[in-house]
Amino acid sequence: MRCLSFYLTNLTNLLNFLFPFLIKIPSKFLPVQIENMVTLVSRTGRHLQRYEKGYRLVVGCIPYRYKSQEPASVEEIEVLVISAQNGQGMLFPKGGWENDECMEEAAKRETEEEAGVIGVVQDKLGPWHYKSKRSCIMHESYMFPLLVQKELDSWPEKNIRKRRWVSINEAREVCHNWWMREALEELCKEQSRNLQAQS
């Protein structure tokens, strides 16, 4: 039994060590078993957390998709919201930007860990400044529109969060963070400009 405990502890340490390297390898080059292990490991702790001028730097994504192949308006966009960890309200995936990754990598990592989706990150939105509800820490946050390409069946926070596709209007109602609602409005304006340019 002691040998099994030793083995499991070292396996966890090895996976935590390899995680930053494995997430940079395109999944098509990984065996399915390794890809699944990578998606089941979530970063914890704040020892690599970035701060700037007293602000904790936070990044996230607004995952979205189109209802039709050739969308004509923003009404055809659906966004993915997830439940908050405390179960009160819905929001978009976000978390701390860490020292060993660029802003886009951090946003994609947080989105995969919390919402279980992978996609194409677009131009950043923000910044927004807000105070944490649980502490007096000030945050500087950025959000990225993420056009979803793949929904995972298993992801690190599957057991603690629910995810749900909603319309833009429903997202405005259920998202309880004011700054995320503002980011959503920025996404809508940008998408509206893009769709008008294509028509």
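Select strands S2 (residues 55-66) and S5 (residues 94-96). Three bridges join S2 to S5, and the two run antiparallel. Strands count as paired here if DSSP finds at least two bridges between them. Strands themselves are DSSP runs of E, at least two residues long, and helices are runs of H or I, at least four residues long, both numbered from the N terminus. Now pick valine 59: its bridge partner in S5 is glycine 95.

Before moving on, note that this is a predicted model, where local features need pLDDT of at least 70, side-chain atom pairs count only at pLDDT 80 or more, and totals for chains, interfaces and linings use all residues. Residues are numbered from 1 along each chain as its sequence is written, and side-chain values use heavy atoms, with hydrogens and water left out.

**Along S2**

Stay on S2 and show its other partners. Ten bridges join S2 to S8, and these two strands run parallel. Valine 58 has serine 141 as its bridge partner in S8. Tyrosine 64 stands opposite valine 79 in S3.

How many of the twelve residues of S2 are buried? Nine are, so the strand is largely enclosed by the rest of the structure. Buried means under 20% relative accessible area, exposed means over 50%, and partly exposed lies in between (1.4 Å probe, protein chains only). Select cysteine 61: its relative accessibility is 0%, so it counts as buried. Then try cysteine 102, which is partly exposed at 33%. A search of the whole structure finds zero disulfides, a disulfide being a pair of cysteine sulfur atoms within 2.5 Å.

Strand S1 covers residues 51-52. Two bridges join S1 to S2, which run antiparallel. Tyrosine 51 stands opposite arginine 56 in S2. The two strands form a hairpin with two residues between them. Click lysine 53 in this turn. Is lysine 53 buried or exposed? At 79% relative accessibility, lysine 53 counts as exposed. Its phi is near 50 degrees, a positive value in a residue other than glycine.

Go to glutamate 101. This residue lies in the loop between S5 and helix H3 (103-115). Its relative accessibility is 5%, so glutamate 101 counts as buried. Show its side chain: one of the polar atoms there lies 3.2 Å from the backbone nitrogen of glutamate 98. For a polar contact, N or O atoms must lie within 3.5 Å; within protein, one must be able to donate a hydrogen and the other to accept it, and residues adjacent in sequence count only if both atoms are side-chain atoms.

**The S7-S8 hairpin**

Select S7 (residues 125-131) and S8 (residues 138-151). Five bridges join them, and they run antiparallel. The hairpin they form has six residues between the strands. Histidine 129 has glutamate 140 as its bridge partner in S8. Now zoom in on proline 127, which lies in S7. The peptide bond from glycine 126 to proline 127 is cis, with omega near 15 degrees.

**Rings**

Show the aromatic side chains. Rings of Phe, Tyr and Trp (its six-membered ring) pair if their centres lie within 6.5 Å; planes under 30 degrees apart are stacked, over 60 edge-to-face, and the rest tilted. The count comes to three aromatic pairs. Tyrosine 64 and tyrosine 66 form an edge-to-face pair, 5.7 Å centre to centre with 90 degrees between the planes. Tyrosine 64 is buried at 1% relative accessibility, whereas tyrosine 66 is partly exposed at 27%.

Now select tryptophan 128 and tryptophan 179. Their ring centres are 6.5 Å apart and their planes at 40 degrees, so the pair is tilted. This pair links distant parts of the chain: tryptophan 128 in S7 and tryptophan 179 in helix H5, 51 residues apart. Both are buried.

**Helix H5**

Finish on H5 (residues 178-198). Its 21 residues reach 31 Å from first C-alpha to last, close to the 30 Å expected at 1.5 Å a residue. The expected span is 1.5 Å times one less than the number of residues. Colour its buried residues, among them Met180, Ala183, Leu184 and Leu187. An α-helix has 3.6 residues a turn, so residues three or four places apart point the same way.
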